[in-house]
Amino acid sequence: MALDNGPVHGREALAELAGERVDHRFKGLPPDAYGLTLAELAGQRRNLFTDGFATPVLALSAERLEHNLKLMETYAARHGLAFAPHGKTSMAPQLFHRQIEHGAWGITLAVPHQVWVARAFGIGRIFLANELVDAAALRRLAAELDADPEFRFVCYVDSVRGVELMDAALTAAGAARPVDVVVELGAGAGARTGARTEADCAAVADAVAGTRTLRLAGVAGYEGEVPDADPERVHAWLRRLVALAAEFDRAGRFEGLEEIVLSAGGSAWFDAVADVFAEVPGLSRPVLKLLRSGAYVSHDDGHYREVTPFNRVPAEGALEPAFRLWTQVVSRPSAEQAFANAGKRDAAYDLDLPFAQVVRPADGGPERPAAGIAVSGLSDQHAWLRTGPGAELEVGDWVGLGLSHPCTSFDKWQLIPVAEADGTVVDYIRTFF
């Protein structure tokens with residue numbers, strides 16, 4: 001499918017990635033590949049296990065990655081949702097474009113640096129799930145908007161002070177186009193960002209209306225921050241968000257818009273978002289119901305495996321964990337303990353420790369389940385493995401680890417091989433953190 005929301009230079013930038021040469025910056029790649037371009041290396045279709053890749057090496061499953069992309073495309077379409085997956089998860093422009101090819105409206109981001117990365121690769125629609133008050137970043141944003149009439153940018157506002165800072169910076173920058181903003185409704189007392197009450201939201205909207213540099217485009221929030229979240233509380237907060245949009249519309253706050261932006265949706269409660277957004281009453285303008293879930297692209301073997309909404313709605317399908325971190329046993333000091341050569345520098349550990357899943361024997365024997373083997377701790381460069389009675393594990397064996405939390409898995413790797421089920425590496429994903 002042709003890309004339709006980024007300038008031609010985005011495709012050119014992706015092509016330039018393929019021309020980047022393999023060198024010391026990239027972990028786990030075959031030493032004899034140094035000097036090859038990524039396109040040349042991908043064209044060789046090397047095998048992850050037998051053609052020179054060195055441990056530790058993180059790989060993405062080609063089949064599972066494609067499955068997840070297709071599943072969320074289908075889910076969003078089925079529920080009448082636009083989709084702006086959160087790009088902070090991967091910070092991989094190749095994946096941004098694949099997400100767009102699979103129906104995404106645009107990409108959600110969190111901080112200015114991420115916006116500049118996305119723009120460098122031609123992303124034409126960006127939702128910034130944060131209030132942007134940095135004057136230097138606002139100057140650059142104004143220049144981006146003024147230079148590209150097709151660029152669509154939307155960000156949060158949640159305070160009168162924030163509106164004042166934005167207006168001052170954009171005015172000083174001589175911004176010609178107003179910046180579209182959505183008032184963020186906070187998820188509750190003690191939650192993260194967002195105006196705490198509907199009255200606070202109205203005050204922020206009034207402040208926006210008093211500027212020339214900002215335009216109120218809708219309302220938004222993040223249901224994942226609802227305190228003591230359960231289906232009842234999350235649904236109740238989402239109905240508050242919808243009611244806020246309806247109240248703003250009745251008050252005439254959206255006059256002049258082609259559409260009203262209504263946005264929510266992390267990776268744990270997007271089923272609730274689909275439920276409540278289906279209840280949106282008729283408003284004066286079409287509503288862009290924008291879902292922002294990001295972890296789906298790789299899913300995981302821990303936190304998101306447990307909290308994914310597909311557990312509650314299994315008839316809708318199931319995401320598949322696409323990451324596996326391969327590490328090698330470098331010490332077996334006792335029958336109860338072994339050490340592998342991947343640690344905190346390589347694996348996510350903020351939500352759960354990695355999970356030992358499979359073993360590939362050093363002698364080339366068949367892959368087997370990692371029975372009786374568990375990760376008990378991580379050092380900077382070592383995984384501590386606890387081995388039970390009868391666990392088969394020798395120095396030199398490769399151990400495949402499942403990971404928990406995609407966001408802190410991608411960020412440890414600048415280049416990630418994409419491997420088919422038989423180990424054939426067909427692509428390399430470049431990240432920009």
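Modeller: What follows is a set of questions on terms, each answered by setting a value against a definition.

Biologist: What kind of model is this, and which atoms and numbers does it use?

Modeller: It is a predicted model, in which local features need pLDDT of at least 70 and side-chain atom pairs count only at pLDDT 80 or more, while totals for chains, interfaces and linings use all residues. Residues are numbered from 1 along each chain as its sequence is written, and side-chain values use heavy atoms, with hydrogens and water left out.

Biologist: Why is P56 called buried?

Modeller: Buried means under 20% relative accessible area, exposed over 50%, and partly exposed in between, with a 1.4 Å probe and protein chains only. P56 has 14% relative accessibility, so P56 counts as buried. Its place is in the loop between helix 2 (38-44) and strand 1 (57-61); helices (H or I, at least four residues) and strands (E, at least two) are DSSP runs numbered from the N terminus.

Biologist: Which residues is P56 in contact with, leaving aside its neighbours within four places in sequence?

Modeller: Contact means heavy atoms within 4.5 Å. On that basis P56 is in contact with G28, L325, W326, N341, A342, D346 and W413.

Biologist: Why does A370 count as buried?

Modeller: The relative accessibility of A370 is 9%, so A370 counts as buried. A370 sits in the loop between strand 13 (368-369) and strand 14 (373-378). Beyond its neighbours within four places in sequence, A370 has contacts with A356, Q357, V358 and V359. A370 and V358 are 12 residues apart along the chain, and their C-alpha atoms are separated by 4.4 Å.

Biologist: What makes helix 4 mostly covered?

Modeller: Helix 4 (residues 93-101) has 7 of its 9 residues buried. They are P93, Q94, L95, F96, H97, Q99 and I100. Just after helix 4, G103 has a positive phi of about 95°.

Biologist: How many bridges join strand 5 to strand 6?

Modeller: Strand 5 (residues 152-157) and strand 6 (residues 179-184) run parallel and are joined by 4 bridges. V157 has V183 in strand 6 as its bridge partner.

Biologist: Which strands does strand 11 pair with?

Modeller: Strand 10 and strand 11 (residues 337-340) run antiparallel and are joined by 3 bridges, with a hairpin of 2 residues between them. Strand 11 is also joined to strand 15 (residues 383-387) by 4 bridges, again antiparallel. The bridge partner of A338 in strand 15 is L385.

Biologist: What makes one space a pocket and another a cavity?

Modeller: On a 1 Å grid over the protein atoms alone, a cavity is a set of points where a 1.4 Å probe fits but cannot get out; a pocket is an open set with protein on both sides within 12 Å along at least five of seven lines, and lining residues have an atom within 4 Å of a point. The largest pocket holds about 680 Å³ of space. Of its 32 lining residues, H86, K88, R192, Y222 and Y304 are the closest to its centre. The structure holds 1 cavity of 30 Å³ or more, and the largest cavity has a volume of about 40 Å³. A volume is the space filled by probe spheres set on the points, which are joined across faces, edges and corners.

Biologist: Which residues line the largest cavity?

Modeller: The lining consists of S267, F270, A295, Y296, H299, Y304, T308 and L319.

Key:
Pairing = 2+ DSSP bridges.
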